[in-house]
Amino acid sequence: MRGIATFGYAFVAAAMFVSSAHADDVAHDLADARAKQAQLDYAGALRIVDQALARGGADATQYVELHLLAGELSAGLERTAEAEAHFARALALRPDARLPAGTSPKIQAPFDAALAKTKKLEITVSADHGLVRLTPSADPLGLVSGISVAVVDATGNHRDVVDRRATRIAIPPGTTAIEVTALDADGHRIWVGAPPAPTNSGMVGEVHGEMHPGKPEHGLFARWPTWAVITGVALGTGGVAAWRFHVAQNDFNGLRNDSTASFDDLHAAEKRGDRWGLTANIAFGAALAGAVVTTVFALRNADEPAVMVTAGPNTLGVAGRF
C-alpha cells in the first residue's frame, strides 16, 4: 500500500511539473515572439507562435494571448484571413479582448471583422452513470475536441483522466470529479468549469444545478447495427479468402501432378494458399467476435450501456446489464 501511495504522490507531482513546464514554455515563447515583433521580424515571431500553438498545453489565458499575437503578426504580414481566424479564436474565449489604442488599421480591420461575428464559447457539463460530458451550447468555431477531468480518491490522491478525442469520459470507480476542462484539438485547456453534483438516479445533473431526465449517448461503436455491419464484412472477407484458398489448393495439386512444374511454382502456390488460409481464419474469428458483440449491444437496456469499462491506476472496473 505504501508503494501505491508513493506512486500516487509521484504521479501528482509529475503532472504538476508537466503543467508548470508547459506554462513556462508558452511564457518563454510569447516573450521571444514579442521581442522579434519589436524588431519587425513578423515572420520569425509568427513561426514561434505557430510552434507554441501546435505544441499544445496552454491554459485559456495563454491561448488567448497566443492567438491575439498571431492575429497581429498575420495582419502585419497582410494575411488578413489568417489574422481574422486567430482573432476569432481569442474572442471566442474572451469577448472583451481589445487591441491597444492606436493599433494600425491594417491590424484593427480583421480584428473588428472577427469581433462582429464571433460568439462566445459556452459549455454545459453533465454527469450520468459515472460519465462526465461536455456539451458545447455555443461553439461555432468547433474548438472543443476533448475533455480532461481532475479527480480525487478517498485517500486524497489527485489525478487527471483525459480523452483528447471525445467530449465525455468515464470517471474511475472510487473517485470524485473536482474540475472539468475542455481541450481543443492540440490539447490547449480552453475552458475550465466545476463538475455537477453527483446523482444517484437516472437523472442528469448539470453545472447550473437543474435536473432533467436523460439517456447516455451511445457512440458509433456502442450500437449493434455497427457491429452487425462489421460482422457481415468479416464474414464476406472470410468467404472470399476461403474460396481463394480452395483455388490455391487446386493450383498446388495440379502443379504437383505436372512433371514440368518447377519447385518455385509449387512453393508460390503453397504460400498463396497459406496466406488465404490465414486470412480466412482471422476473418471468421473476427466475425464470431462481432456476432457476440452485436448480440450484447442488441440486448442492452436502452437507458444504459450494456458494458462499461473504467480504469485507473491499479484498478479496472467492469459493469454491465443485459
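His86 is located in helix H4 (helices are DSSP runs of H or I of at least four residues, strands runs of E of at least two, numbered from the N terminus). The model is predicted: local features need pLDDT of at least 70 and side-chain atom pairs pLDDT 80 or more, while totals for chains, interfaces and linings use all residues. Residues are numbered from 1 along each chain as its sequence is written, and side-chain values use heavy atoms, without hydrogens and water.

- His86 counts as buried because its relative accessibility is 13% (buried is under 20% relative accessible area, exposed over 50%, partly exposed in between, with a 1.4 Å probe and protein chains only).
- Beyond its neighbours within four places in sequence, His86 is in contact (heavy atoms within 4.5 Å) with Asp50, Leu53, His67, Ala70, Gly71 and Ser74.
- Buried residues of H4 include Ala83, Glu84, His86, Phe87 and Leu91.
- The cover over the buried residues of H4 includes helix H2 (42-55), helix H3 (60-76), H5 and strand S7 (189-193).

**Aromatic pair**
- The whole structure contains 1 aromatic pair (ring centres of Phe, Tyr or Trp, the last by its six-membered ring, within 6.5 Å; planes under 30 degrees apart are stacked, over 60 edge-to-face, the rest tilted).
- The rings of Phe87 and Phe111 have centres 5.2 Å apart and planes at 80°, so the pair is edge-to-face.
- Phe87 in H4 (residues 80-93) and Phe111 in H5 (residues 105-117) are 24 residues apart, and their pair links distant parts of the chain.
- Both Phe87 and Phe111 are buried.
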